[in-house]
Amino acid sequence: MDSVANKEIKRIGVLTSGGDAPGMNAAIRAVVRACTYYGIQVYGIRRGYRGLLDGDMFEMNARSVSDIIYRGGTILQTARCHSFREHEGIVKGKKMTEIFQLDALVVIGGDGSFKGALELAREGVPVIGIPGTIDNDIGCSDYTIGFDTAMNTVRDAIDKIKDTASSHERCSFVEVMGRNAGYIALNCSIAGGAEVCLVPEKPYSLEVDVVRRIIACRNRGKHHYVVIVAEGVGGTLELAQQVKDITGIETTATILGHIQRGGSPTVKDRVMAGKMGVKAVLALKNGEINKIVAAQGEKCVTIDIEEALQMKKELDEDMLLANDILNV
Ligand code: ATP
């Protein structure tokens with residue numbers, strides 16, 4: 001994949017794509033402010049790739065991003081655009097970048113959004129990606145913008161659910177986001193002191209991993225239990241019913257859903273958004289293209305987009321062990 005721009009980057013477009021995540025606004029702000037600093041013109045593209053295909057874009061300046069750093073969601077809005085999965089869509093997207101004379105695109109989103117960006121890069125549109133998704137499931141990056149805020153929302157919900165569960169001697173099932181990744185579930189299981197945590201990466205046995213653990217807790221004198229289920233495991237309502245049928249313990253199931261996407265971003269998400277946004281623009285200014293900005297510990301680096309999309313991230317074994325030890 002080309003990694004050096006063949007001309008100076010003078011005007012770029014920025015869009016948010018896929019699921020929204022708290023901190024996307026802070027990332028847009030960082031991109032716009034960094035562009036202003038380096039004298040690069042910047043266009044905000046509304047509704048992700050949908051807006052690119054429609055040419056739905058407007059010039060932004062430092063003032064356009066005033067007062068948004070603390071707001072959840074994305075002022076540019078986001079969308080899932082099915083026609084962008086077709087080659088025709090990509091060609092039309094490239095055409096729009098030519099019509100608006102955009103020298104590069106900054107794409108803030110998840111894995112799917114980066115696949116779209118890679119297709120654009122293959123057609124010759126310089127791109128750079130910033131990981132923005134609450135799931136923290138981007139293989140190349142230790143961190144994705146929105147993850148910390150989402151985890152704090154879940155932790156808060158678990159604390160509240162625990163209060164009522166202990167008053168009523170219940171077993172509470174809490175379904176959290178994560179279609180393919182258990183990062184939110186695992187972190188919030190440790191932070192919320194859950195008894196059981198089910199993640200998509202690890203198959204589980206109802207009898208051994210759920211029922212036996214809950215009965216063991218009851219035998220130790222516990223009166224309430226929390227079971228965290230990542231969305232990708234599925235069947236939370238049925239699971240709660242099965243456990244009730246087997247143990248006789250009253251169960252409830254709460255699907256946290258979109259509450260996890262909203263809210264004012266935490267300090268961590270604002271800071272990461274700031275660092276990643278500036279890194280993306282700095283890379284473009286230096287002629288670096290077709291990269292993903294990735295967090296490696298506290299540092300931000302850039303990784304070739306094709307390589308980045310092939311990278312996989314496993315759940316941390318030490319965390320899984322810690323969770324197992326602390327759960328029982
Ligand atoms: P999240 O992790 O929050 O779901 P995401 O970026 O992975 O975010 P997707 O819905 O998978 O979200 O992708 C966002 C958009 O990216 C899609 O609606 C589509 O326009 C584009 N896209 C996804 N996959 C591809 C692909 N293989 N080729 C071209 N474009 C794609």
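**Notebook: ligand site and domain contact**

I began at the ligand of this predicted model and found a backbone N or O atom of glycine 110 at 2.9 Å from an oxygen atom of the ligand. I noted that the model's local features need pLDDT of at least 70 and side-chain atom pairs pLDDT 80 or more, while totals for chains, interfaces and linings use all residues. Residues are numbered from 1 along each chain as its sequence is written, and side-chain values use heavy atoms, with hydrogens and water left out.

I then looked up two side chains. Arginine 85 places a polar side-chain atom 3.3 Å from a nitrogen atom of the ligand. In arginine 179, an N or O atom of the side chain is 3.2 Å from an oxygen atom of the ligand. The ligand taken alone exposes 620 Å², and the protein buries 87% of that (Shrake-Rupley method, 1.4 Å probe).

Next I listed the shell. It has 3 nonpolar, 8 polar and 5 charged residues, with Gly counted as polar and Cys as nonpolar. Helix H4, residues 111–122, gives the most to this shell, with 5 residues (a helix is a DSSP run of H or I, at least four residues).

Last, I turned to the domains. The assignment, from an automatic or database source, gives domain 1 as 11–146 + 265–310 and domain 2 as 147–261. Their centres, taken over C-alpha atoms, are 34 Å apart. The contact (heavy atoms within 4.5 Å) takes 18 residues from domain 1 and 13 residues from domain 2.

Methods:
A polar contact is a pair of N or O atoms within 3.5 Å; within protein, one must be able to donate a hydrogen and the other to accept it, and residues adjacent in sequence count only if both atoms are side-chain atoms. Helices (H or I, at least four residues) and strands (E, at least two) are DSSP runs, numbered from the N terminus.
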